[in-house]
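These are my notebook entries on a structure that is new to me. I set down each point as I looked it up.

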Amino acid sequence: MPGPSPGLCRALLVLWAAFGLGLIGLSVVAQEPFWADLQPRVALVERGGSLWLNCSTNCPRPERGGLETSLRRNGTQRGLRWLARQLVDIREPETQPVCFFRCARRTLQARGLIRTFQRPDRVELVPLPSWQPVGENFTLSCRVPGAGPRGSLTLTLLRGTQELIRRSFSGEPSRARGAVLTATVLARREDHGANFSCRAELDLRPHGLGLFENSSAPRKLRTFALPSESPRLAAPRLLEVGSERPVSCALDGLFPASEARVFLALGDQRLSPDITLEGDALRAIATATASAEQEGARQLVCNMTLGGESRETRENVTVYSFPAPRLTLSEPSVPEGKTVTVTCAAGAGALVTLDGVPAAVPGQPAQLQLNATVNDDRRGFFCDATLEVDGEILSKNESTELRVLYAPRLDESDCPRSWTWPEGPEQALRCEARGNPAPSVHCARPDGGAVLALGLLGPVTRALSGTYRCTAANVQGEAVKDVTLTVEYAPALDSVGCPERITWLEGTEASLSCVAHGMPPPNVSCVRSGEDKVIKGLLRVAREHAGTYRCEAINVRGSAAKNVAVTVEYGPSFEELRCPSNWTWVEGSGRLFSCEVDGKPQPRVECIGSRGTSEGVLLPLAPPDPSVRAPSIPSELASGIYTCNATNQHGSMVKMVAVNVESPPKMDESTCPSHQTWLEGAEAAVPACAALGRPSPQVSCSREGAPWRQRLHVSRQDAGTYLCLATNEHGTEARTITVGVEYRPVVAELAASPPGGVRPGGNFTLTCRAEAWPPAQISWRAPPGALNIGLSSNNSTLSVAGALGSHGGEYECAATNAHGRHVRRITVRVAGPWLWVAVGGAVGGAALLAAGAGLAFYVQSTACKKGEYNVQEAESSGEAVCLNGAGGGAGAQGGPEPEGTAEALEGGEVFAIQLTST
């Protein structure tokens, strides 16, 4: 009997392998656990809000299922393996709903957790005391009812924007709601008028929600400080009826002093004080006026109130009545020789004294009689009354004057015969006559001229000098007297008698004299400033006599001094130092030729070219006086011989001056370019710099402050900054030169990343770095057929994403600039991995029932050369869908495997199947 054919053996072997794999798959399915799921498992809902819960299972055909919860429901949706239910008006702090399904005689459960939160809508700060003493503690209490969960709450007590205390309630039970924060705060002065508030923060950001904040209404605190001592009350112990006396009440250490209230009263009479504040001190001042009804002992009360507390001081005041005494004369005005009676009287209880003689008993008057004489005229009488009040002796007095009538008298003491007055200050001519009634006095010149205004202040002038007749008269008679008035005045030096400026001519004779005015006649002397010798007589005038002289006039009324300037004039003369014969002008120096000529008055100088290029040219001169505006400075000046002529009113003089023109060094872009370029490898060069100037400048260049060493050939080290200096005797000019060295390009680096080859589908990068100046342009040459090549902005990087076999080969990088081109090459290899064949899956019971044709159909319908598969939910069709193409190769049709397939896969692409859930 012939044996089985090789093809049949292979078919049986494949069927046996499929059967074994199917059994393995059934075993896995049988052992798969079933579960119930509740979404969301944990939820945080605002109190009174709603929530959808999704209850599901992976049991293929659950018998029954549901959702157990004590919360209100609003709607339900169902499927074979799921249940969705909306819960509304959720108010419990915490509840645990249960999702359950009955599957294969087992109950599957999933338990969830729903918590509620409430925003801090009410934040309350307990009212503060109306007034709080400074230095004492008060309580801040903040309530946030209902807000929660408490573990997410943070309360903060604030003074203005400053945080006083901050407390987080983390760690509190999750069901806890509402919070209270209490703090004890020491009241300070600076807290007066401060706003206190409470801020509540419910932080639900860790649960995926936001931060909820709210603050209480601010409450203003008023603090005060009231010292324990009583106010200081300053008041008179005695107060006379009808009089006004100041009363003051003061207290230090008040805060705020402006809030204090003051009460001042004398008996039943309330006073109106004026309040003065100085820092923490308060002072109240009022005027107390007593009436006759208040006579006797009274109390003065001062009360200060602040912050509901008060301090009070009381003082006793005695109100009394004490009229002034009465002093009378029998006749206030009597002729000489008549008798006069003087009487002094006062009220009951007062003891009077007349001119030191007391009355016999209190309450009786005192009297005095006299025979009037001339000496009694204007005699004063003094009446004094004393009264004892509350142990204190009080005194009042009255005075009067007696007038006695008699004829005028002109005494030497009251009207002297000779007066001497200084000129200037106001004086009053005093010629007084004794007599009663008061005599009238009149003083005038005997010839009927000027009249003196007696007793009136007036300026004293020289015109008042002379003799006057003074006459005094009243109803009792007349008196006459001659007086002499002399007016003295200090010396004066005027421009007529003593001029301020005197001009003398050298070689002549002159004298210095000054005439002064004054009374008594002054003595005049003149000395030269800085010397003591008095100038007298005639002088032979020389230049050294020029200068300032001090002339002084002196008498008993003072002195006068005057400076007299003596000027000595003379003809012009040249001096070599002040007007040199040879002068060098430096271009740009801003200098003018200075030719100062000695002479008075100052000579006029003019220099005009007389030979060579300067002939007829006017040479600008520096003005001898710096305050005079100088002529414009010329930009160019002709050298040559100039003739200088000096002239004034006393003569003229001539001098020849040779002028030479020179200039300092100067370099600019034309003689010394600021940027110069050398080529690497060329023969050594030096900075090209030249300078203009006279005498010719010397030019030297150094690099960065050090001497520059020349080389045979230019190198890159020669690039840099050079300082070139041009120098002559008139200065130095500096110029900075920047030397750049250019050189040919060189590809310094050509590298691949990753190194060592690229797998198909992989990425690689080639980096080319070149050194060149000016910078090189980078270009690439790739293998033929290489596509999808990316270059960086400066072409320095070549990149390939998803390498293919055509990307393998030699790559060339070329760097090019104006001085040449340089090339480097690199070889890239694209080598694929061994074929990975992924054949798997569970062949179920359908493999046992299906024929070979059914197995081939399964392979054909589920294989994809390359793509992504999606496993849908249990309620969908359960079939795998190819997302990215449904085609396959010949091997996917179940036919014989083509020869060379393994080798072709080894160097080609690798395909994989990825299972993902959506």
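Is Asp377 buried or exposed? I note at the outset that the model is a predicted one. I looked up the relative accessible area of Asp377 and found 13%, so Asp377 is buried, the limit being under 20%.

Entry on the partner of Asp377. I found that Asp377 forms a salt bridge with Arg403, with 3.0 Å between the closest N and O atoms. Asp377 sits in the loop between strand S35 (366-371) and strand S36 (379-389), while Arg403 belongs to strand S37 (residues 392-409); the pair therefore ties together parts 26 residues apart in sequence.

Entry on Lys562. I recorded a salt bridge between Lys562 and Glu500, whose closest N and O atoms are also listed as 3.0 Å apart. Lys562 is in strand S52 (residues 558-573) and Glu500 is in the loop between strand S45 (477-492) and strand S46 (501-505), so this pair ties together parts that are 62 residues apart in sequence. Lys562 counts as buried at 10% relative accessibility, whereas Glu500, at 37%, is partly exposed.

Entry on Asp598. I noted that the side chains of Asp598 and Arg543 meet in a salt bridge of 3.3 Å, N to O. Because Asp598 lies in strand S54 (residues 598-600) and Arg543 in the loop between strand S50 (538-540) and strand S51 (547-555), the pair ties together parts 55 residues apart in sequence. Asp598 has a relative accessible area of 18% and is buried; Arg543, at 34%, is partly exposed.

Entry on the wider search. Over the whole structure I counted 49 salt bridges. I also found a network of salt bridges that links Glu680, Arg716, Glu749, Arg769 and Glu771.

Entry on a sheet. I traced an open sheet of 4 strands in the order S1-S3-S6-S5, with antiparallel pairing. Strand S1 (36-39) and strand S5 (72-78) are its edge strands, each pairing on one side only. On average, neighbouring strands of this sheet are turned by 20 degrees against each other, direction ignored. Strand S3 (residues 49-57) pairs with strand S6 (residues 82-90) over 7 bridges in the antiparallel sense. I looked up Asn54 and found that its bridge partner in S6 is Ala84.

Entry on cavities. I found 1 cavity of 30 Å³ or more. The largest cavity holds about 40 Å³ of space. Its lining consists of Pro236, Leu239, Arg245, Val247, Leu266, Ala288, Leu300 and Val317. By class, I recorded 7 nonpolar, no polar and 1 charged residues in this lining.

How values were computed. Residues numbered from 1 in each chain as written. Predicted model: local features only at pLDDT ≥ 70, side-chain atom pairs only at ≥ 80, totals over all residues. Heavy atoms only, no water. Pairing = 2+ DSSP bridges. Helix = DSSP H or I, 4+ residues; strand = E, 2+ residues; numbered from the N terminus. Axes fitted to C-alpha atoms, helices over the stretch in contact; angles between N-to-C directions. 1 Å grid on protein atoms, 1.4 Å probe; cavity = no way out; pocket = protein on both sides within 12 Å on 5 of 7 lines; lining within 4 Å. Points joined across faces, edges and corners; volume = space filled by probe spheres on them. Nonpolar A, V, L, I, M, F, W, Y, C, P; charged D, E, K, R; others polar. Salt bridge = Lys/Arg side-chain N within 4 Å of Asp/Glu carboxyl O. Buried < 20%, exposed > 50% of the residue type's maximum accessible area, 1.4 Å probe, protein only.
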